[in-house]
Every structure is written in C-alpha cells, then in structure tokens.
Amino acid sequence: MADSESTHPRSLESCANAAQTHTTGDLTLLHKTTHSNSKLQRPPKPKLKPSNPIEEATKSWLEILPPELLDVEETAKLISSVPRRWVAYPPMVLLPAGSFSHESWQIIQELLAAPLQDELWTRILSGISKKEGKGPLTHLAINSGIPLLAGSVGDESPVPVTTRMMNILRTPSGLITLYGDFGPELSPAIIPTVEDFQEAFWVSTKQNGITQIWAPRYTMFSRGNVKEKARLLDFHRGSDELRESRRWSKDDLRGDVAVDLYAGIGYFVFSYVKMGMGRVLGWELNPWSVEGLRRGAVANGWSVRVVKAGEEWKVGDESITVFEEDNNEAKERFRGIAAGRMGSVRHVNCGFLPTSEGSWEMALGILTGDGWIHLHENVGVNEVEARKREIELMFKNWIGKAGKKAEVMVEHVEFVKTFAPDVWHCVFDLYITNMG
C-alpha cells in the first residue's frame, strides 16, 4: 500500500507539472502567434489628406452667408469647383486660369455685395499664407494666357482680328484681379512715368538662385522657362554630353558678349550674366519689362544701364545694357561700336513665341565669331526634324547671300514645354563656326 500510495501522488504531481508546462507553452505560443498576426494583419493607419486652404476658406465663408441663399446641392457645387492649386509670388497669390468660373460662382457673385466677396478672398489669402509660411500674402489674382493680339481678351473692338496688331509687348491683359491694389489700368500705348513705376505693385521670385521682379498687371512672367534658364547656366560647363566646343571657363567667357533680342524682365539676360559672360545686351519694347529688368539686376547686385530709343550710347563698364527700343535697331547699334571696345558676340537669343523667325537674319548679322544663335519656336512634335533642316538651309542661304561661307549646324533641340497637344516650345541651338 505504501508503495502504491507513494506512487500515486508522484503521478499526480508529474501530471500537474506536465499540464502546467503544456498550458504555459500553449499560452506562450498563442501569445507569440497572436502578437505576430497582429503585426501582419493590423491595417495601416489611414493617411490624413492634407487640407486645401482654398477649400477650407470657402467652407468657412459659406457658413457666414444667409442660409436661405444656398441649398445643399448648390453649396456642394461651389465647394467642388474651387481651384486646388496656386502659385505664390509674395505678396501675391496667382490662381490657375478658369478659377471660380463655374456657373454657380458667377451667380453667387452677382448676388453678393463686394465686402462679402472680399471676405472670401481674404480668407483664402490667410489660409495660403499659413500654408506657404513665407509671410503675409496680400494680393489675389487669376492667371490667364498672354493673348497673341493686343486687346484680344474681352475686347469689343470693331477692328477685325486679322488686322489687329500682335501683342508684341506681351501685356497680360487677361489677368483677373480679385483682391488688392494692382495699380491703375493703364493702356499699353501709354508710356509710364517714374511716378507710375513707384505706384505700381511689384512682385518677385527666385529661380536658379536669380531674383526676378515684375509688375503683374503690366508684365508677363513665364514660370515654365525655368528649365531653359537652368540649361543656359550650364551651357559651357564640362560634361561628356557636350561638344568640346562648348567647354569654356568663366575666364574664357569674361571677354565675350551675349545678346538677347527679346529681353523681357531678364529671363535669359540674367542667366548669361551668371554664366560668366562679360557683357550682356538686351532689347525690349515694353517699358514695364525694362523697369522690371532694371530692378532685378539691382537686386542681384549687377550693374545695369537703360538706353532709351534714339539716345546716344557708348560702351561703358556696366554688366547689362538694355535698349528700350525695337530690336530692329540692334544691327545699327553694333555698327556704331568702335573696334576693340567690346568683345565677340558668342550668343544671340531669339526668345519670342510662337516664332522668332523675324529676327533670325538680323541675329546672324550680330554674331561676330564662332557662336550660337538660340531660336525659339512652337513646333509640332512630328515636324522638329524637318524644321532643323529648314533652319540650317535658311542660314546657309543668308550666309551665301552675304558672300561668306561658314559651317552651320543645329547642334541640339531643347523641348522646353508643351504649348498645345503635340506642339512644343522648342529651342534650336544653331552653332555657326568658321565664318569668313
């Protein structure tokens, strides 16, 4: 019995220990399995969609309107049609073309007094200011394409479109100002005074480390040209992709000249200066663009001189000279330069769209040594190769007509940006060498 009794408790103890061990193991395994599965199966946290300051401002503005003014459906239409994008050029915000043009917005704007409308614009500006973090934004406008014809936006002129003048000043007559004082509406035909410049609204931006300044009511700014500006900056820097002829140091460039026949506010003028060209000459008809270029040059620390049409000019020490006159006068200006007073012209930029062809033969006459003429044009993507051959032949004919010979080659075609479906803003880099 004793043996029997002593054996039985030991069996119970063993069973208990075994059971405890088994249970503990199962629990440990269950814990590990559950923990592992929770890691694998736990759904990811939903990413919070960043709030759009224009939409948020619109929602808060709608809440202060009389409730009987809008039903739920109309409110939803208004919110869904607000713009989602903007560009800030402190202190201005520029909304994309077509913003707030939905029929629902047109109806409500007709019903509301100006102070209530301004309340929306100030809320939008406040929201974007917080989002951008670049200081207070005080002016709001809707962008619009630059019309090809002068006065062609909202113009009821009896003059047929076919006989109207081209908008060669690139006046942004389609700009819709919503909030803030953008300056008086002045006709492009009016020559601005010093007081006009002082009273105008000016904005600025920095691209590729270069400050540019303009008055948005009177002058265009092409944001999409940033790629071409950067390409010019790197034009003479060493790269396996560049031809040997391009690899020039800043010391090599310091004695040479670049010319921009459509200077604008300094888009490419400034790139040539920063590239290292010793002198840059520009031609620009729009006095507002000339003033923007002058202000931009000063902001960047470059010396600049403005020469008015008919004003006598002698080569000075300034880095930039801008002629406020038709670029047809450029060739005559060069004739008046005394020999040895200025270096060789190595770059001539012809940056006018839809085509700058009207200035090409003149550009050829300005080039004074081996160099490049940069020809801007809108071209169908399937027509680029044919256009290259046409350009080369055109310049060879002009050179032959002048009784000279030269090697002419379109060295590169840069696709800057799309202008329309299958139509690109192209820059043809025409390299001319061994002229004689």
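What follows is a friendly chat about the strands, sheets and salt bridges of this predicted model.

Reader: Hi! What should I know before I start looking?
Author: Welcome! This is a predicted model, where local features need pLDDT of at least 70, side-chain atom pairs count only at pLDDT 80 or more, and totals for chains, interfaces and linings use all residues. Residues are numbered from 1 along each chain as its sequence is written, and side-chain values use heavy atoms, with hydrogens and water left out.

Reader: Let's pick strand 12. Is it buried or exposed?
Author: Buried: 10 of the 10 residues of strand 12 (residues 371–380) are, so this strand is largely enclosed by the rest of the structure. Buried means under 20% relative accessible area, exposed means over 50%, and partly exposed is in between (1.4 Å probe, protein chains only).

Reader: And which residues point which way from strand 12?
Author: G371, I373, L375, E377 and V379 point one way, while W372, H374, H376, N378 and G380 point the other way. All of them are buried.

Reader: How does strand 12 pair with strand 14?
Author: They pair in the antiparallel sense over 10 bridges, and strand 14 covers residues 423–433. As for bridge partners in strand 14, H376 has V427 and I373 has L430.

Reader: What about strand 11?
Author: C350 stands opposite L375 in strand 12. Strand 11, helix 12 (residues 360–366) and strand 12 also make a right-handed β-α-β unit. Right-handed means that, with the strands pointing away from the viewer, the path from the first strand over the helix to the second runs clockwise.

Reader: Nice. What's the order in the open sheet of 4 strands?
Author: It is 1-2-3-4, with mixed pairing. Strand 1 (87–89) and strand 4 (176–179) stand at the edges with a single partner strand each, so one side of each has no neighbour in the sheet. Neighbouring strands of this sheet are turned by 25° against each other on average, direction ignored.

Reader: How many bridges pair strand 3 and strand 4?
Author: There are 3 bridges, in the antiparallel sense, with strand 3 covering residues 139–142. L140 has Y179 as its bridge partner in strand 4.

Reader: Switching topic: how many salt bridges are in the whole structure?
Author: A search finds 24. A salt bridge is a side-chain nitrogen of Lys or Arg within 4 Å of a carboxyl oxygen of Asp or Glu.

Reader: Why would such side chains pair at all?
Author: Side chains of opposite charge can pair when their charged atoms come close.

Reader: What about helix 13?
Author: In helix 13 (residues 384–401), E385 and K388 are 3 residues apart, about one helical turn. They form a salt bridge whose closest N and O atoms are 3.7 Å apart. E385 is partly exposed at 48% relative accessibility, and K388 is partly exposed at 21%.

Reader: And R387, buried or exposed?
Author: R387 counts as buried, at 12% relative accessibility. Its salt bridge partner is E390, with the closest N and O atoms 2.8 Å apart. E390 is partly exposed, with a relative accessible area of 42%.

Reader: Which residues are linked in a network of salt bridges?
Author: K227, E228, R231, E414 and D429.

Methods:
Helix = DSSP H or I, 4+ residues; strand = E, 2+ residues; numbered from the N terminus. Pairing = 2+ DSSP bridges. Axes fitted to C-alpha atoms, helices over the stretch in contact; angles between N-to-C directions.
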